[in-house]
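Hi,

Here is the structure I promised to pass on. Have a look at it first, and then read my notes below.

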Amino acid sequence: MEPMLQIENIYKSFENNGQIIQVVKGINLQVLSGDSLAITGPSGSGKSTLLNIMGTLEPPSRGNIFFKGSNVYQMDEVDLIKIRNREIGFVFQLHHLLTEFNAEENTMIPALISGYSKTKSAEMASAILSQMGLKDRLRHRVGELSGGEQQRVAIARALIMEPKLLLADEPTGNLDKATGDEITKLLLSLNRSRGLALIIATHNLELAHQMSKQLQLVDGRFM
Ligand SMILES: Nc1ncnc2c1ncn2[C@@H]1O[C@H](COP(=O)(O)OP(=O)(O)O)[C@@H](O)[C@H]1O
Ligand SMILES: [Mg+2]
């Protein structure tokens, strides 16, 4: 089976006040359709950096990333934008929702970007929000929703275009234990029922152990 995502010898460094810090130091990884993978490690170990690189949101300093066999940083920008919009869902550490807009409006943004009409995009948003258990919250402003509901909206927005890969950065990080467990259950059921490949960055080991694979980042490498 061709890997969905293949990462070859990735390095990433940042410059801070003239000082260069190496955050990722030679990571190799293959993700297959239906995989569930946890990337663990302490705060500052590079989990978000690596997830952003895997989500094609940020280029590595060195190394290659292949999405379904194509080298993403050698693609046309237009093709890469399409992949980001349609093939990869991303749930950010601080959900990045527009709090003044309602759940449906937030969720429909990727559909609007891809060219669907407003009516069709709203229909798609309402369908996926209902699947996330938010049928009765479509017109609620996101700022008025609970933390768990906001995270469900963020997941709905990531899934509206039906990507086959979902990346989630600390999806339970800002939630209480019970709500975090609910979100974990939801993500795992999406992985199992849709064959969605799931990659989670987390320092929550209980969550990590529910994934089929765990990789620990230590000093920029997988231990
Ligand atoms: N854009 C950036 N510019 C400079 N340093 C960064 C940037 N992003 C991350 N870093 C640094 O890289 C390291 C890893 O950060 P991060 O990937 O956010 O770790 P984690 O998600 O595991 O907490 C930290 O030392 C952080 O300060
Ligand atoms: Mg992080």
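**What I found**

The largest nonpolar core has 38 residues, and M132, V153, I155, L159 and L166 are the ones with the most contacts inside it. Keep in mind as you read that this is a predicted model.

Which elements build that core? Those that give two or more residues to it are the helices α3 (103-113), α4 (118-131), α5 (147-159), α6 (177-194) and α7 (205-208), along with the strands β7 (165-169) and β8 (197-201). The top contributor is α5, which gives six residues.

Leaving out residues up to four places away in sequence, L166 touches G89, F90, V91, A158, L159, L187, L196, A197, L198 and I199.

**Rings**

F90 turns up again here. How many aromatic pairs does the structure hold? There is one.

Are the two partners buried or exposed? F90 has a relative accessible area of 10%, so it is buried. F92 comes out at 25%, so it is partly exposed. The reasoning is that buried means under 20% and exposed means over 50%, with partly exposed in between.

Another ring to look at is the one on Y11. The charged end of R62 sits over that ring, 4.1 Å from its centre.

**Two backbone angles to check**

T56 isn't a glycine, yet its phi is positive, near 60 degrees. You'll find T56 in the loop between α1 (47-54) and β4 (62-67). Its relative accessibility is 0%, so T56 counts as buried.

K68 is not a glycine either, and it has a positive phi of about 45 degrees. Look for K68 in the loop between β4 and β5 (70-71). With a relative accessible area of 39%, K68 is partly exposed.

That's everything from me for now.

Cheers

How values were computed:
Residues are numbered from 1 along each chain as its sequence is written. Chains are lettered from A and ligands numbered from 1 in the order in which they are written. This is a predicted model: local features need pLDDT of at least 70, side-chain atom pairs count only at pLDDT 80 or more; totals for chains, interfaces and linings use all residues. Side-chain values use heavy atoms; hydrogens and water are left out. Helices (H or I, at least four residues) and strands (E, at least two) are DSSP runs, numbered from the N terminus. Buried means under 20% relative accessible area, exposed over 50%, partly exposed in between (1.4 Å probe, protein chains only). A nonpolar core is a set of buried Ala, Val, Leu, Ile, Met, Phe, Trp, Tyr and Cys residues joined through side-chain atoms within 4.5 Å. Contact means heavy atoms within 4.5 Å. Rings of Phe, Tyr and Trp (its six-membered ring) pair if their centres lie within 6.5 Å; planes under 30 degrees apart count as stacked, over 60 as edge-to-face and the rest as tilted. A charge sits over a ring if NZ of Lys or CZ of Arg is within 6 Å of the ring centre and within 35 degrees of the ring normal.
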